[in-house]
Amino acid sequence: MSGAISIGSFLGHANGGVAKSTSTWITGKIGRKSLTQVPGGTAKISSPLSAPPHVDSGVPRIQLSGRLQQVLTDFKAGGSPCLTNRCGTRVMSETDFITLVGHPPKETRFFGLKNMSGHYKAVVAGLQGYHKALNHEIPKSPKAAVYDAKGMIDSLNDLHKSAKEYIEKHEGNSSDPKAVDAMKTLQEEIKKEIALIKEVAGKANAGQLKGMTWGQALTGANYRLLDTISQHHDGLLDLSKSVESFGAGAANQVSKLVYNTPQGVKETVFKPDPERENSESFRTGTLFFLGINPDKPCYAARNVATAFISESLGLGVAPHCGIALHNGKIGMAMDLAQGKSLQRNVDVPMTAQSLANYTAIGQGSEESLKALNYTNKNGVWVKTETKLEISKIFKGDKEIEANFQKEASKLEWMDAICGQYDRHPGNYLVDVDPVTKQVTITGIDNDFCFGTKPEKVDGKFGQCIGLPQLIDKDTAARLKATDFDRDLAPTLGTLISSDELSAAKSRFTQLQRYALELEENGKVVDNWQTWPGQKGKSVETFLKEEAPKDSSYYTRELMSEKASAHIH
Ligand SMILES: Nc1ncnc2c1ncn2[C@@H]1O[C@H](COP(=O)(O)OP(=O)(O)O)[C@@H](O)[C@H]1O
Ligand SMILES: [Mg+2]
């Protein structure tokens, strides 16, 4: 063994450079009515870029949850919102090394006489051993963990030395310049890896990495998300409750991952964060429209940003979103939301007449029917159609219906602020407490938002319904009390690009002004069951009869329900 270092200096380095969590406060300020003279009764917004002024008010401050603060601190320390892009290469595997060299080590023909590839062989064997060691769990005892780390660093130093000797022997006179270059690349990777081991060993010494393998912890450190990932790694999984193929939307397959953490059981939905968007239709469609870079979509950061908006404005309509390492992949671990989507997939069997018609035009073969999205289930051709059911959840109870309208309105406001493109009814879950009649609405799948476009909030796009027609009293107060630059920009700026931040500011400012217009026009709702307090009127009649068609999630879903009523 060579290259031993003193444990003291080793641990001295290991704790350096980790940002400490600071608490983030959203302070309460409120706009002055006299300063907000906006013409009433119109959905047009004047002076979109000038925010209404703020004065101190008694609006209570919101403190972000500790879990969200942790994720935000880690994102900030990592310096890049894109999980995949902030992670450089680690020490390569022996097979990657051989590929880089271009050929495997040569066999020695005459033992003792000619051993040209002795160093190369040593490097390959060293890499093999090192990668095996990465699968070992970090010992629980801090002393043993440090001992392990020291051994790994020693073996990397040995590898570095073999590479150095190879370079010295072959550089300039080698018929194998690729091998020399590969050795140099490996040396750089080793230097970086040693720094990562020191960082991990510092945490292991503090006992923060329970159940992690060295490989997982080093990957976490390399992503600069070690603290977050130490709460969400495969060593903490409850395999009996986790489900690899939990759900699928239009684009992704997600897993349900249940973690046993010291803070209790955490149920999450994991979606790997792609390095680039591979779907051509999303690249040229949604992402182009939203002005999101398809080569760096950074979806996980957009989900974290959405959770931040929900918490900051006290909306409670987006789940907490952490970051996990699962099966070697980095991605978001969103809290499992309670409730169900209003969508239901129904298998509609093909009628004998339809089959005859298809056959008559030469499309009755198995291949043709499959191409037409039919599947054969127990001998019957069926097509999956989506039915929407909303009235069922109200069960004729006006209190539940009012609570739905209120929560759906909060979701509309969050989505308008985030520039959310994709809030179709499959992307939020509804949970009704039959005793208290409380309705919880949770917006999941917050990938397509916070683009540089559109800057204007009064248009419809994708699944966006345009400007919300009503606003809850608490939302209105919170919106007024929030100053974008002071309360939101410092955090959002670490999650989205500066152009995206400008667009978010523009949207936020327009929405603040618009909320004041709603206030002028009596559209701030205190009690969703009794508003507006005139006989024969209600939120329901306003949204159905006075507001533009399709301008709230509530009426949009009621219309879809009507349209899909024929599906059984
Ligand atoms: N936080 C969550 N809680 C509960 N279920 C979820 C959650 N996130 C996703 N799902 C389930 O997984 C499905 C697919 O996830 P989603 O993020 O919508 O993927 P896609 O991007 O493909 O639309 C959802 O339709 C839903 O059934
Ligand atoms: Mg979805």
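The legends below describe close-up views of a predicted model.

Local features are given only where pLDDT is at least 70 and side-chain atom pairs only at pLDDT 80 or more, while totals for chains, interfaces and linings use all residues. Residues are numbered from 1 along each chain as its sequence is written, chains are lettered from A and ligands numbered from 1 in the order in which they are written, and side-chain values use heavy atoms, without hydrogens and water.

**View 1. The open sheet of 5 strands has antiparallel pairing and the order E5-E6-E7-E9-E8.** Strands (E, at least two residues) and helices (H or I, at least four residues) are DSSP runs numbered from the N terminus, and two strands pair if DSSP finds at least two bridges between them. Strand E5 (243–248) and strand E8 (321–326) are the edge strands, each pairing on one side only. On average, neighbouring strands of this sheet are turned by 40° against each other, direction ignored; axes are lines fitted to C-alpha atoms, for helices over the stretch in contact, and angles run from 0 to 180 degrees between N-to-C directions. E8 and strand E9 (residues 329–335) are joined in the antiparallel sense by 6 bridges, and Cys 321 has Met 334 in E9 as its bridge partner. In the loop between E8 and E9 lies Asn 327, whose phi is positive, near 50°.

**View 2. Helices H2 and H11 lie against the strands of this sheet.** Helix H2 (residues 66–78) touches strand E7 (264–272), E8 and E9, where contact means heavy atoms within 4.5 Å. The direction of H2 makes about 65° with that of E8. Helix H11 (residues 299–312) lies across E8 and E9 and runs at about 150° to E8.

**View 3. A salt bridge joins the side chains of Arg 90 and Glu 193.** The N to O distance is 2.9 Å; a salt bridge is a side-chain nitrogen of Lys or Arg within 4 Å of a carboxyl oxygen of Asp or Glu. Arg 90 is in the loop between H2 and helix H3 (94–101) and Glu 193 is in helix H6 (residues 177–205), so the pair ties together parts that are 103 residues apart in sequence. By this rule the model has 31 salt bridges.

**View 4. The largest pocket holds about 1100 Å³ of space.** A pocket is an open set of points on a 1 Å grid over the protein atoms alone where a 1.4 Å probe fits, with protein on both sides within 12 Å along at least five of seven lines; lining residues have an atom within 4 Å of a point. Of its 44 lining residues, Ala 248, Gly 249, Asn 427, Ile 444 and Asp 445 lie nearest the centre. E5, E7, H11, E9 and strand E10 (343–349) each give two or more residues to the lining.

**View 5. Strands E13 and E14 form an antiparallel hairpin.** Strand E13 (residues 428–432) is joined to strand E14 (residues 439–443) by 5 bridges, with Leu 429 opposite Thr 442 in E14. The hairpin has 6 residues between the strands, and Lys 437 takes a positive phi near 70°.

Terms used:
Grid points are joined across faces, edges and corners, and a volume is the space filled by probe spheres set on the points.
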